[in-house]
Amino acid sequence: MRAFDLPDLSATAALAQALAPHLRAGDVIALRGGLGAGKTTFARALISALRDEETEVPSPTYTLVQTYDGADFPIFHFDLYRLDDPNDVVELGWDETVSGLSLIEWPDRAGQHLPAWRLDLMLEIIGDFRKARLEPHGEDWQTRLHEL
Ligand SMILES: Nc1ncnc2c1ncn2[C@@H]1O[C@H](COP(=O)(O)OP(=O)(O)O)[C@@H](O)[C@H]1O
Ligand SMILES: [Mg+2]
């Protein structure tokens, strides 16, 4: 587990920029944390880092998924808060995400469809302070986190 302080938006951007070069097609990042913790903000920073340009990233609250062209692979940004049934992820193109990077807000809504091999990024507000904790699931993620 690695922990980072995120006092402001530039700290979130810096963490996203540090992580971006370690990512590849097939990766899954579960963005955890309550409402307003900064999940969409982190996704926005990471998508911008992977595209090498500031990118407009609306919250996929209603669309449930938004797709972006990254420099090297597509990026699938999910917000599953409004998902009624875990099996509904299949209709969102869940099986095609192996070709790119998946960023998933409210990942537990996917139930058994959530891949076991993934990076958990937990965002937390403590008082007026923000923190990110990165928890690798799988040996490969562990190795990559060491290199961060
Ligand atoms: N590291 C940060 N420092 C300060 N404000 C932040 C940070 N990350 C996010 N925010 C702010 O918190 C609010 C909620 O962020 P958002 O990413 O929409 O949360 P979530 O997707 O987890 O509900 C936004 O106004 C955003 O600008
Ligand atoms: Mg959000």
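In this predicted model, a nitrogen atom of ligand 1 sits 2.8 Å from an N or O atom in the side chain of threonine 12. The protein covers 68% of the 570 Å² of accessible area that ligand 1 has on its own. A magnesium ion, ligand 2, is coordinated by Thr40 and Glu105.

**Polar contacts of ligand 1**

- The side chain of threonine 41 has an N or O atom 2.6 Å from an oxygen atom of ligand 1.
- At glycine 38 the contact is with the backbone: a polar backbone atom lies 2.9 Å from an oxygen atom of the ligand.
- At threonine 12 the ligand atom is a nitrogen, 2.8 Å from an N or O atom in the side chain.

**Magnesium site**

- The coordinating atoms are OG1 of Thr40 and OE of Glu105, at 2.1 to 2.3 Å from the magnesium ion.
- Threonine 40 belongs to helix α2 and glutamate 105 to strand β5 (residues 101–105), so the pair ties together parts that are 65 residues apart in sequence.
- Both threonine 40 and glutamate 105 are buried.

- Strand β2 spans residues 28–32 and is mostly covered, with five of its five residues buried.
- Cover is found on both faces: Val28, Ala30 and Arg32 are buried on one side, and Ile29 and Leu31 on the other.
- Strands β2 and β5 run parallel and are joined by four bridges.
- Within this pairing, isoleucine 29 stands opposite leucine 103 of β5.
- β5 is also the strand that holds glutamate 105, one of the residues coordinating the magnesium ion.
- Strand β6 (residues 118–126) likewise runs parallel to β2, and four bridges join the two.

Key. Residues numbered from 1 in each chain as written. Chains lettered and ligands numbered in written order. Predicted model: local features only at pLDDT ≥ 70, side-chain atom pairs only at ≥ 80, totals over all residues. Heavy atoms only, no water. Polar contact = N/O pair within 3.5 Å; in protein donor to acceptor, adjacent residues only side chain to side chain. Areas by Shrake-Rupley, 256 points an atom, 1.4 Å probe, with all protein chains shown as cover. Donors = N, O, S within 2.8 Å, 3.2 Å for Na, K, Ca; no water. Buried < 20%, exposed > 50% of the residue type's maximum accessible area, 1.4 Å probe, protein only. Pairing = 2+ DSSP bridges.
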